[in-house]
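The stops below are given in the order in which to select them.

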Amino acid sequence: MKKIISILSCGLIFSFTSLYAEVIKVGLEPFPPLITEEGKGFSVKMLRAMEKISDIRFKIKIMPYNRAKMELKKGRKNLIGHTPYQLETKEFYVYAQELNWSINASLDIYSMDKGNLHPDKFKTLKKIGTPRGNEGFFSEVYGIPIEQFYSSGDIGSLLKMMKKGRIDIFLFERASTMTKIQEIGIKNVFYRNIDIIPASFGVRKDKQGTELKRKLDVLIKKVDQQQIFYEHLKYSNLPKSGIVYVP
């Protein structure tokens, strides 16, 4: 009888906590292994760890990055990711701000033709693939005309287009790209690192967003990031250029 009462008490406490939890609406772009299409990944694991030590609950929805930014701008999302920390477009920072946190992500270019990766050539190519929503950032930061980008598709579909020769190179983050190449099984893909981009989360640039930022900045410091991101960090130790390993 005591055991039953104890179980019921725990259930009531959980229900009471859930009822009064602060629900944060989150829009995340697939960025495996940090964020997967199934709504998992190391960064999501960090958010879940933050839930356990707070009254915050994250309601996560996976979506393209450009849609996540629009949802944040219109106030339909409270948190989005991953953003390129302090490197987004000027227009973005009119309505948004980022957490005081980031994790480094290697930005690479990929091609079936090694010659396309030459520093003096890749920016001149007319068909540069990147997931939708990233073309504006890459265009502004690297001085590549936005007309040269092809962003109609996700990581997997764009990599398949590259294999078929329909785009010249693919430009995106290393861990997410390499894991997808290995999953699809595309062999003999050349890569070269061009930058290190710190990945972060964005909130609205208003009173509510600033208060949320304050809470999350404190919570992030309380979780074990080294343990959470251990597997991701191994990609940082790969050579700056080479051929993507496919089992």
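Begin with Phe31 and Phe172, which are both buried; buried means under 20% relative accessible area, exposed over 50% and partly exposed in between, with a 1.4 Å probe and protein chains only. Before going on, note that this is a predicted model, in which local features need pLDDT of at least 70 and side-chain atom pairs count only at pLDDT 80 or more, while totals for chains, interfaces and linings use all residues. Residues are numbered from 1 along each chain as its sequence is written, and side-chain values use heavy atoms, with hydrogens and water left out.

**Aromatic rings**

Rings of Phe, Tyr and Trp (its six-membered ring) pair if their centres lie within 6.5 Å; planes under 30 degrees apart count as stacked, over 60 as edge-to-face and the rest as tilted. By this rule there are 9 aromatic pairs. For Phe31 and Phe172, the ring centres are 5.4 Å apart and the planes stand at 85 degrees, so this pair is edge-to-face. Phe31 sits in the loop between strand 1 (22-28) and helix 2 (42-52), and Phe172 in strand 8, so the pair ties together parts 141 residues apart in sequence. Helices (H or I, at least four residues) and strands (E, at least two) are DSSP runs, numbered from the N terminus.

**Helix 7**

Next, select helix 7, where Arg174, Ala175, Ser176, Thr177, Met178, Lys180 and Ile181 are buried. What do the buried residues of helix 7 pack against? Their partners are strand 5, helix 6 (155-163), strand 8 (169-173), strand 9 and helix 10 (230-233), where contact means heavy atoms within 4.5 Å. At the start of the helix, a side-chain oxygen of Glu173 comes to within 3.0 Å of the backbone nitrogen of Ala175. After helix 7 comes Gly185, with a positive phi near 90 degrees.

**Salt bridges**

A salt bridge here is a side-chain nitrogen of Lys or Arg within 4 Å of a carboxyl oxygen of Asp or Glu. The whole structure holds 11 salt bridges.

Asp108 is buried at 0% relative accessibility, and Arg174 is buried at 2%.

Move to Glu211 and Arg214, whose side chains meet in a salt bridge of 2.7 Å, N to O. These residues are separated by about one helical turn because they are 3 residues apart in helix 8 (residues 207-220). Glu211 is partly exposed at 35%, and Arg214 is partly exposed at 47%.

Then select Glu71, Arg76 and Lys77, which salt bridges with shared partners join into one network. Within it, the closest N and O atoms of Glu71 and Arg76 are 2.9 Å apart. Glu71 is buried at 9% relative accessible area, whereas Arg76 is partly exposed at 42%.

**Nonpolar cores**

A nonpolar core is a set of buried Ala, Val, Leu, Ile, Met, Phe, Trp, Tyr and Cys residues joined through side-chain atoms within 4.5 Å. The largest has 61 residues, and those with the most contacts inside it are Met46, Met50, Phe58, Leu79, Tyr110 and Leu216. Strand 9 (residues 190-204) contributes the most to this core, with 6 residues. End at the second, separate core of 8 residues, among them Met63, Ala68, Leu72 and Phe92.

Key:
A polar contact is a pair of N or O atoms within 3.5 Å; within protein, one must be able to donate a hydrogen and the other to accept it, and residues adjacent in sequence count only if both atoms are side-chain atoms.
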